[in-house]
Amino acid sequence: MTTTLSDTETRADERANDERDEGVSRSEISYEHAAESSAREATICVVGLGYVGLPLAVGFAQSDYRVIGYDVDESTVERLQAGFDTTGDLSNEAVRNDDISYTTDASEIADADYVIVAVPTPIDDADRPDLSYVESAATTVGSKMKPGTTVVLESTVYPGTTREALVPALEAASELTAGEDFFVGYSPERATPGDPDHGLADVVKVVSAQNETVLDDVATLYESIVDAGVHRAPSIEVAEACKVVENTQRDVNIAFVNELSMALERMGVDAEAVLEAAGTKWNFHDYRPGLVGGHCIPVDPYFFAYRSARDGYEPELVRTSRQVNESVPDHVAKLTIKALNECNKTLRESRVLVMGLAYKPGVGDIRSSKVSNVVDSLQEYDVDVEGFDPFADDEAVRDAFDLDVQETLTFEGVDAILLATPHDEFEQLDLEAVTAELEADPALVDVTGALDEAAAVEAGFVYRRL
């Protein structure tokens, strides 16, 4: 029978009282590795070597811990073993660290004092949390870990997941009891991929655990690699909720300005000018309209909404915000169609170049990019669409977006430019030189307003933005 943490903690306390008569407590025995960690003698296994797990593995290795990097993807592990940074956020040199052992051999988990689980937590086709990766990882870890191990979940989850999903899977696979034979913590990842100023060491780490002793141990562990320090959450559920709330707040705020932008366009009012004017007030929050893609902001609100609805409260604002932001790709496509019509272009004979296909500037990650939805909408109007992204893998883009991809940027034969993801490289475009290559009477749809509108109009574009 699966045991809850509260039950096991009570049992652990009772057993500890018995053991005190013999002059030693179970926690003193089980937490010998806490002292070792301060001397960097602990072994840490990171399960899942994606954009969250790999920086963790490298960070601990750079702080002189012995690290086991485990992943089920053989190609990922082979590339890491060959010294290639698979995330693009670190460096090949950082990945080539003698203190990290990259492996697909789950038996090596048995060598770890701490196991950090950093696996994906997507949503399914019905927008419900998919915990299959967490449960699978917990089963693997549980089948291999030794008694006394501390398991920390870093994946984004709804409040209660660690106790409801992770712990039962660990207990079932290990035949050990949480709180007695092994220990559990939770620390949500908060680093921002592609942002050198907000990496693992630069953002305060929220940490939590099943009791104060485990919390002190886990906090000490993370303090050794996070320069910004740690925040000790009073419970695992608080830490789980804080991550989904952080991104849900952003989603709601972005939805507000996206809706404003669409409404003001109907009124014939310049949304950018409105936001600039409103921003002169000290307490106006600075958000700008745009496509909301990526692995966190479009996903985490569903985790929050799912758990809230399960407990009897329907978070209407959260769900409505998601609907607004999910409607933006179609709106961008319609802006492009309107711009082509204003240029007197025939849609079936028009060619649109989409510049920037990744989900955010400065990265090549096209997974969860909403640009693909814009492309789909344009193709429904029989518009000829091609793409270019200086960071994304061209072959991966062709497969995912089903469109032609330029390997070298050219504007020949193009009727309209759709600047979807504003990589820094695009801001240096000489717009007059660009229009010289384009077809006559071109359009420029600048989704985020990255380029100067006056310069674009002067260069001969019909200019549109959100």
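Analyst: Let's start with a pair: Lys 146 and Asp 113 form a salt bridge, with 3.3 Å between the closest N and O atoms. Lys 146 sits in the loop between α7 (132-144) and β5 (150-153) and Asp 113 in the loop between β3 (100-103) and β4 (114-117), so the bridge ties together parts 33 residues apart in sequence. Salt bridge here means a side-chain nitrogen of Lys or Arg within 4 Å of a carboxyl oxygen of Asp or Glu. Helices (H or I, at least four residues) and strands (E, at least two) are DSSP runs, numbered from the N terminus.

User: Before we go on, what kind of model is this, and how are residues numbered?

Analyst: This is a predicted model, where local features need pLDDT of at least 70 and side-chain atom pairs count only at pLDDT 80 or more, while totals for chains, interfaces and linings use all residues. Side-chain values use heavy atoms, with hydrogens and water left out, and residues are numbered along each chain as its sequence is written, from 1.

User: Is Asp 113 buried or exposed?

Analyst: The cut-offs are under 20% relative accessible area for buried, over 50% for exposed and partly exposed in between (1.4 Å probe, protein chains only). Asp 113 has a relative accessible area of 12%, so Asp 113 is buried.

User: Which residue does Arg 310 meet in a salt bridge?

Analyst: The N to O distance in this bridge is 3.0 Å, and the side chain that Arg 310 meets is that of Glu 164. The pair links distant parts of the chain, 146 residues apart, with Arg 310 in helix α12 and Glu 164 in helix α8. Arg 310 is partly exposed because its relative accessibility is 38%.

User: Which residues does Ile 297 contact, apart from its neighbours within four places in sequence?

Analyst: Ile 297 is in the loop between α11 (271-278) and α12, and it is buried because its relative accessible area is 11%. Its C-alpha atom is 9.4 Å from that of Arg 322, 25 residues away along the chain. The contacts are Asn 247, Arg 250, Asp 251, Val 292 and Arg 322.

User: What is phi of Glu 175 near?

Analyst: Most residues other than glycine have a negative phi. Glu 175 is in the loop between α8 and β6 (183-186), and it counts as exposed because its relative accessibility is 73%. Its phi is positive, near 60°.

User: And what is phi of Asn 344 near?

Analyst: Asn 344 lies in the loop between α13 and β9 (351-355). With a relative accessible area of 72%, Asn 344 is exposed. Phi of this residue is positive too, near 60°.

Methods. Contact means heavy atoms within 4.5 Å.
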